[in-house]
Amino acid sequence: MSSDPVGGPIFLLFLLILLYGRLSGAEAAVHALNEARLRREAEAEDERAKRLLPLAEAPEEVLSALQICITFTALLCGALGAVVFAPLLAEALPDSFLTAAWRSALSAVIVILALGLIMLVLAVALPRRLAERDPERVASRRLKRLRWLASFLRPLVRAMDALSQ
């Protein structure tokens, strides 16, 4: 049985990027909800519009909870990359003109920038574009989880709001 020291972290990084993309898409969908259209559709007895209208009218708590999750997911991706992949890159950098400390720092910066670019394309731009095409569908599919997330993170959201006042 062979031991792969980077297989598990790569899989975890993949899961974190996937989570980041889903959170980013949900955030874009909530931002893109059209309150006036949802109100008209709710008055016409559209059940999905009735469920989404409260979110469109007061999205602040859900958006704050999403921002907290997005931020921590990005931090976890960067930390995982720096801890697991930067040392591997540092070993590959030539030691003729860089000290070990500089190779370590440079490799961490390179890994974090590379992860940032990957996340920007795969976990921000693409999910947001897809969510903005049909925000009601995306928000409707995630509505229960968004409400749970906002409820779960409510104490943290309120504490952060109080600190920022």
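**Helix contacts, residue by residue**

Author: On the H2 side, Glu35, Leu38, Arg39, Glu41 and Ala42 meet Ala49, Lys50, Leu52, Leu53, Ala56 and Glu57 on the H3 side, where contact means heavy atoms within 4.5 Å. Sorted by class, the contact of H2 with H3 has 6 nonpolar, no polar and 5 charged residues, with Ala, Val, Leu, Ile, Met, Phe, Trp, Tyr, Cys and Pro taken as nonpolar, Asp, Glu, Lys and Arg as charged, and the others, Gly among them, as polar. The model is a predicted one, in which local features need pLDDT of at least 70 and side-chain atom pairs count only at pLDDT 80 or more, while totals for chains, interfaces and linings use all residues. Residues are numbered from 1 along each chain as its sequence is written, and side-chain values use heavy atoms, with hydrogens and water left out.

Helix H2 covers residues 35–43 and helix H3 residues 47–57, and the two pack at an angle of about 150 degrees, with their axes 9 Å apart. This angle makes H2 roughly antiparallel to H3, on a scale where angles under 35 degrees count as roughly parallel, over 145 as roughly antiparallel, 65 to 115 as roughly perpendicular and the rest as oblique. The axes are lines fitted to C-alpha atoms, for helices over the stretch in contact, and the angles run from 0 to 180 degrees between N-to-C directions. The helices themselves are DSSP runs numbered from the N terminus (H or I, at least four residues; strands are E, at least two). H2 and H3 cross in a left-handed sense, a crossing being left-handed if the near helix is turned anticlockwise from the far one by less than a right angle, and right-handed if clockwise.

The loop between H2 and H3 holds glutamate 45, whose phi is near 70 degrees, a positive value in a residue other than glycine. Most residues other than glycine have a negative phi. Glutamate 45 counts as exposed, at 51% relative accessibility, where buried means under 20% relative accessible area, exposed over 50%, and partly exposed in between (1.4 Å probe, protein chains only).

H3 also packs with helix H6 (residues 135–152), at an angle of about 65 degrees and with the axes 10 Å apart. The crossing of H3 and H6 is left-handed, and the contact joins Arg48, Arg51, Leu52 and Leu55 of H3 to Glu136, Arg137, Ala139, Ser140, Leu143, Leu146 and Arg147 of H6. By class, the residues of the contact of H3 with H6 divide into 5 nonpolar, 1 polar and 5 charged. Leu52 belongs to the H3 side of the contact with H2 and also to the H3 side of the contact with H6.

From H4 the contact takes in Ala74, Cys77, Gly78, Gly81, Ala82, Phe85, Ala86, Leu89 and Ala90, and from H5 Arg103, Ser104, Ser107, Ala108, Ile110, Val111, Ile112, Leu115 and Met119. The contact of H4 with H5 has 13 nonpolar, 4 polar and 1 charged residues.

Apart from neighbours within four places in sequence, leucine 115 is in contact with Leu13, Cys77 and Gly81. The C-alpha atoms of leucine 115 and arginine 39 are separated by 41 Å, the two residues being 76 residues apart along the chain.

Cysteine 77 is buried, with a relative accessible area of 0%, and its sulfur is 13 Å from the closest cysteine sulfur, in cysteine 69, too far for a bond. Cysteine 69 is also buried, at 18%. A search of the whole structure finds 0 disulfides, a disulfide being a pair of cysteine sulfur atoms within 2.5 Å.

Two further residues complete the view of H4. Isoleucine 70 lies in helix H4 and is buried at a relative accessible area of 8%; leaving aside neighbours within four places in sequence, isoleucine 70 is in contact with Tyr20, Leu23, Ser24 and Glu27. Leucine 88, also in helix H4, counts as partly exposed at 42% relative accessibility, and its C-alpha is 9.4 Å from that of serine 104, 16 residues away in sequence.
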